[in-house]
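Biologist: Could you show me the model, please? I'd like to ask a few things about it.

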Amino acid sequence: MSENQTEIALLRTILGSAGMKPEAFDLSLPYWKLKQYKKGEFYNEYKNVCKHLGFVISGVFRIYRVNNITGEEKNMLFFTDNQFVASYKSFLAQTACDYYTEAMVDSLILYIHIDHLNELYGQSHQWERFGRIVAETAFHEVMVNTEGFLFKTPEDRYREMMEKHPNIFNAVPLYHIASYLGIQGPSLSRIRKRMVGK
């Protein structure tokens, strides 16, 4: 793990701030691997089972689905620095994935295999708790997205996205952000102008 010391130290700090003790984190040291993704490379592909949980050191990933009839892509989630990335539905159920997870820019992640995570769950209550938090986070993300489309204005969703992914606009073309918000490009331009005027 010596070549990954900086990245491991960052992950240790993040999990430590969430309550994981150093000795529990140390159990995972043999399992984390570092991987560089080129822009456009897939973290997980349609119909594949997602076997890894990734931690984004730097970069941007998106989860999207493709409309089989029109070929249109719909962005569902983004993952940026210091967030965990997975095709959650596939990862948690270990079933084939209904969507793609793609690097939007050159990105760097630490990742761990589901089998190693399951080993850690068996060895440590703190890792079991971590697994529960991963599942709860996935559920929370889906609920927030669903409620956002049902009850919030595109402007509210844009504001929340800015809070969660403050640097995404420097990395991702605006049409991807419009797709995530469920609006067309001109509507996004109007929202951004209004926000700048406030």
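Modeller: The side chains of arginine 132 and glutamate 136 meet in a salt bridge, 3.2 Å from N to O. The term means a side-chain nitrogen of Lys or Arg within 4 Å of a carboxyl oxygen of Asp or Glu. A heads-up: this is a predicted model, where local features need pLDDT of at least 70 and side-chain atom pairs count only at pLDDT 80 or more, while totals for chains, interfaces and linings use all residues. Residues are numbered from 1 along each chain as its sequence is written, and side-chain values use heavy atoms, leaving out hydrogens and water.

Biologist: How far apart along the helix are arginine 132 and glutamate 136, in helical turns?

Modeller: Both sit in helix α5, residues 125-151. Helices here are DSSP runs of H or I with at least four residues, strands are runs of E with at least two, and numbering goes from the N terminus.

Biologist: Is arginine 132 buried, partly exposed or exposed?

Modeller: Buried means under 20% relative accessible area, exposed means over 50%, and partly exposed is in between, using a 1.4 Å probe and protein chains only. Glutamate 136 comes out at 43%, so it counts as partly exposed. Arginine 132 has 46% relative accessibility, so it counts as partly exposed.

Biologist: How many bridges join β4 to β7?

Modeller: Strand β4 covers residues 61-66 and strand β7 covers residues 100-103, and they run antiparallel. Across this pairing, isoleucine 63 stands opposite threonine 101 in β7. The number of bridges joining β4 to β7 is four.

Biologist: Which strands does the salt bridge between glutamate 102 and arginine 62 tie together?

Modeller: Their side chains meet at 2.8 Å, N to O. Glutamate 102 and arginine 62 are both buried. Arginine 62 also meets the side chain of glutamate 73 in a salt bridge, at 2.9 Å. As for the glutamate 102 pair, it ties together parts 40 residues apart in sequence, because arginine 62 lies in β4 and glutamate 102 in β7.

Biologist: How many disulfides does a search of the whole structure find?

Modeller: A disulfide is a pair of cysteine sulfur atoms within 2.5 Å. For cysteine 50, the nearest cysteine sulfur is that of cysteine 97, 6.7 Å away, and cysteine 50 is in no disulfide. Cysteine 97 is in no disulfide either. The search of the whole structure finds zero.

Biologist: In which loop is asparagine 82 found?

Modeller: Asparagine 82 has a phi near 65 degrees, a positive value in a residue other than glycine. With 35% relative accessibility, asparagine 82 counts as partly exposed. Its place is the loop between β5 and β6 (84-85).

Definitions and conventions
Pairing = 2+ DSSP bridges.
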